[in-house]
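Here is a short briefing on charged side-chain pairs. Start with the model itself, then read the points below.

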Amino acid sequence: MQTTSHYEPIKIGLLIRALIHIHRSSTKSHTLDIIRRLKKALTVTGFEVTLAYMEEISFSDEMEKLKLLESDATQIGDIYQNLSFHFNIVEKIIYSESSTKKIYTLPTRRFNTQFLLEQPEKLLADGQFNKLEEIAKSDIYSASRCILFGESTAAAFHILRATEAVLKQYYFHHKRQNRLTKPMWASMLDQLKSKIRNKPSSTLLDALDIIRTSYRNPTQHPEAIYTIDSAQDLFGVCLDVIGKMSLEI
C-alpha cells in the first residue's frame with residue numbers, strides 16, 4: 001500500500017495552473033522545474049493516463065524545443081503558446097482521470113493511528129519488538145493494519161498467530177532440554193507450568209491459557225466473527241502478554 005499526502009492533489013492543481021498561465025518572461029530552468037514537480041506529483045498519485053499523454057510525441061517535441069534553448073535567461077518565445085495549449089489539455093485529462101481516484105479517511109481507533117499504520121513496534125516498549133521472530137513481527141504488522149482498516153476477524157487471527165509465535169520463542173527460551181517435538185499452545189503451557197526452577201510467572205501463564213481457551217480456540221471456528229471492539233480488546237490483551245514475554249527473551 002502506498003501512502004500519499006492529501007496535499008498532493010492540491011499541488012497538482014497549483015502546478016498545472018502555473019504552467020497554463022506561463023509567461024514569456026519565464027526562464028527555461030523555472031519552467032522545467034515546474035514540469036518536473038508536476039510529473040513527480042502525478043506519479044505519486046497514480047495519474048497514469050495523464051503521464052502517458054505527457055510522453056506523446058507532440059508534447060515531447062515541445063519539451064525538446066524548450067530544453068534546447070541556449071540560456072536560462074532566454075525567453076520561452078515562440079513555444080510559449082504551444083506549451084500553454086498542451087497544458088490546457090493536460091488539465092482536462094487530470095480532471096477526467098481524477099474521477100477514478102478516491103481518498104479514504106482513516107477512522108480513529110483506541111490505538112495510535114500512526115503506530116497502527118506504519119510503526120506497530122511503538123505499541124510495545126522500546127526494544128521489545130526487535131527481539132521477536134520475523135513471523136511474529138509480520139503478524140503484528142498485519143493485525144495492526146487490520147485493526148485500523150476495520151478487518152476485525154482478520155486482526156484477531158493475526159494477533160493470535162503472533163502471540164503463539166512469541167509463546168513458542170518464550171518456550172524455547174525457558175525449555176532448553178526435553179523440548180516438545182511439535183510445540184503446541186496447550187502443551188507448551190503445561191511444560192512451562194510444570195517447571196520447578198526458574199518457573200515463569202503464573203499470572204502470565206494463566207493469561208496465556210485464558211487467551212488460548214477464550215479466544216484462540218474459538219477463533220479457529222469457521223463461523224467466528226469479531227466486531228471492531230472485540231478485536232481491539234483482544235489486540236490489547238495479546239500485546240500485553242507479548243510485551244511481558246519479550247522482556248524475558
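Helices here are DSSP runs of H or I with at least four residues, numbered from the N terminus. By that scheme, Asp 240 and Lys 244 both fall in helix H11, which covers residues 228-248. The model is predicted. It holds 13 salt bridges.

**Helix H11**
- Asp 240 and Lys 244 form a salt bridge, and their closest N and O atoms are 3.3 Å apart.
- The two residues sit 4 residues apart, about one turn of the helix.
- Asp 240 is partly exposed, because its relative accessibility is 39%.
- Lys 244 also has 39% relative accessibility, so Lys 244 counts as partly exposed.

**Helix H1**
- Lys 11 pairs with Glu 8 in a salt bridge, at 3.3 Å from N to O.
- Both residues belong to helix H1 (residues 7-20), with a spacing of 3 residues, about one turn of the helix.
- Glu 8 is at 13% relative accessibility, so Glu 8 counts as buried; the cut-off for buried is under 20%.
- Lys 11 is at 24% and therefore counts as partly exposed.

**Helix H2**
- Arg 37 meets Asp 33 in a salt bridge, at 3.7 Å from N to O.
- Helix H2 spans residues 28-45 and contains both, 4 residues apart, about one turn of the helix.
- Arg 37 has a relative accessible area of 38%, so Arg 37 is partly exposed.
- Asp 33 is partly exposed too, with a relative accessible area of 27%.
- A network of salt bridges links Asp 33, Arg 36 and Arg 37.

Notes. Residues are numbered from 1 along each chain as its sequence is written. This is a predicted model: local features need pLDDT of at least 70, side-chain atom pairs count only at pLDDT 80 or more; totals for chains, interfaces and linings use all residues. Side-chain values use heavy atoms; hydrogens and water are left out. A salt bridge is a side-chain nitrogen of Lys or Arg within 4 Å of a carboxyl oxygen of Asp or Glu. Buried means under 20% relative accessible area, exposed over 50%, partly exposed in between (1.4 Å probe, protein chains only).
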